[in-house]
Amino acid sequence: MSEFSDNTTYNTKKHRQIGILTFWNVPNYGTFMQAYALQHFLQEMFPNDDIRQIRWLDDVHYDAYYAFVNRSFRGKYINPRFYAYCLKRGLQKAQRRNQRKFLDYYPKFIPHTATDGLETESLDYDILVLGSDIIWDYSIGFFHQDKHLFGHGFHATKKISYAASFGTVKPGQDVPSYVLDGISQLDAISVRDENSVAVVHSLLHQEHQVVLDPTLLMDFRTDRAVVTPVMKEKYIGIYGDGFSDEMKTGARDYADRHGMKLVCIDSNDDTSAWCDRSFISGEMNPFELLGWFKEAEAIMTSTYHGLMFSLNFHKPIIFQPTTFILDKVSSLIRDLSLWEPLVERQTFSEKVSWDWDYDGIEKCLSRKREESIQFLLEALSM
C-alpha cells in the first residue's frame, strides 16, 4: 500500500534531475519531516526522475546549532552574537549532543546529493524546487541572508517554489535586492500562508497560490516507517514550549482525572518536570517521534509542525498559539473552521472539550491537497 495520499504516478518520460533546496541538517523534527515528505511525495509522483535534496546549509546557520559540540567551527570563526543566541536558548551540552544525531537522520532517511557546501553550485538540474519551511525569512539573523534559498547560485532549466514562507516578514517592508531578484526569476511560485502571498504580491504585483505544507501531502497514518512506541498507559503528547501555567496545570489535572500520562515528546527548550515522561530532542529518530503522535489520545502543542502532525493523525489538539506561529498558520486554521478551538478558546478545559469532526476537516484538507498536487503537476512540467 502506498504511504502517500495519492499513489498515482504521473511521469513516464526520460528521467529528469530535480533538486530540492530547503534547510538541510537543521535539528528540528518539523524541519526534517517537511523535507522528508516533499522528497518522498515527489518521488512517488515521478518515479522515473532522479529527485534529491541538496546538501546545503549556510555555515553560520549550521554553527548556530552545532558550534558548541563541534569545536572545529567548520574552519572559520563565527559572529559572537550567535554564541549569545545559542546561550539564550539554554540548551545543555547533553541536549546539544543529542541534536547532533540529526546529522545522521538527514542523510540516512532522505536521498541527497553527494556533494556538500559550495560544491553544490556546480550541479546542473532540470528543475530546482525551493521549499518548504520559512526559508524566505531573511530577517532571521543566523540564516545569514543566504541567497541560495532564493535560487541564486544554482544552474537549473526551471526554478519553482513549493510552500515557501516569508515567516515574520511583512508586506510592504523593504527587501534586499537578492530577494526580489531571486523570486522574480522563478518560473512558478507557491507559498505556505496568506502572509507570504501578500509579501510576494507587494514585490511582484502578482497573485500566487497557497499550498499545503508537505507534511499534509502524506498520510503518516499508513506510513510503514512510523515506529509504534511501547506505552501501556493512555497519554497526552506534549510538543513545544512556552505553555502557560494554566495550560500546564489544566493538562496535569485532566490527565490525572482520566487516568492518563503526560508525555513530553520534544523537550528542546522547555522544562518538562510537570510531565510524567520526557524525551530530549534527538533522543528519538523522526519516525519514533511520529509514533508518539500516532498513539496519543490528544496532542498539546505550541508549534507549527506539531499542529501539522496532529492534523495528519486526526488527533484532538490543545493549541497554545503565539504571534510567530499564527503568522504562518492563521489562514489554514480559518479554512479548516478551527479558529474557535485553537485560538479563541483560552483555557485548557475549554480547548479539550471541543468535539473534533475529522470527517469535515479531512474534506477540506482533501480539496487543498488536490489543489497542491495540481500546482506541482503544472510547475514540474517542462
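**Strand S7.** I began with the side chains of S7 and noted that Tyr235, Gly237 and Tyr239 point one way while Ile236 and Ile238 point the other way, and that all are buried (under 20% relative accessible area with a 1.4 Å probe and protein chains only, where exposed means over 50% and partly exposed lies in between). In a regular strand the side chains alternate between the two faces of the sheet. Since five of the five residues of S7 (residues 235-239) are buried, the strand is largely enclosed by the rest of the structure. I took helices (H or I, at least four residues) and strands (E, at least two) as DSSP runs, numbered from the N terminus.

**Source.** I kept in mind that this is a predicted model, in which local features need pLDDT of at least 70 and side-chain atom pairs count only at pLDDT 80 or more, whereas totals for chains, interfaces and linings use all residues. Residues are numbered from 1 along each chain as its sequence is written, and side-chain values use heavy atoms, with hydrogens and water left out.

**The sheet.** Next I followed the open sheet, where five strands stand in the order S9-S8-S7-S10-S11 with parallel pairing (two strands pair if DSSP finds at least two bridges between them). Its edge strands, S9 (277-278) and S11 (317-319), each pair on one side only. S7 is joined to S8 (residues 261-264) by four bridges, and Leu262 in S8 is the bridge partner of Ile236. Between S10 (residues 298-301) and S11 I found three bridges, again in the parallel sense, with Met300 opposite Ile318 of S11.

**Ala255.** I then looked up Ala255, which lies in helix H8 (residues 245-257) and is buried, with a relative accessible area of 0%. Leaving aside residues up to four places away in sequence, Ala255 touches Met260 and Leu262 (contact means heavy atoms within 4.5 Å). The C-alpha atoms of Ala255 and Ile236 are separated by 7.5 Å, although these residues are 19 residues apart along the chain.

**Helix H14.** Last, I checked the length of H14 (residues 358-379): its 22 residues, at 1.5 Å a residue, should span 32 Å, and its end C-alpha atoms are 30 Å apart, which agrees (the expected span is 1.5 Å times one less than the number of residues). Among the buried residues of H14 I noted Tyr358, Cys364, Arg369 and Phe375. At the start of H14, a side-chain oxygen of Asp357 comes to within 3.3 Å of the backbone nitrogen of Asp359.

Definitions and conventions
Polar contact = N/O pair within 3.5 Å; in protein donor to acceptor, adjacent residues only side chain to side chain.
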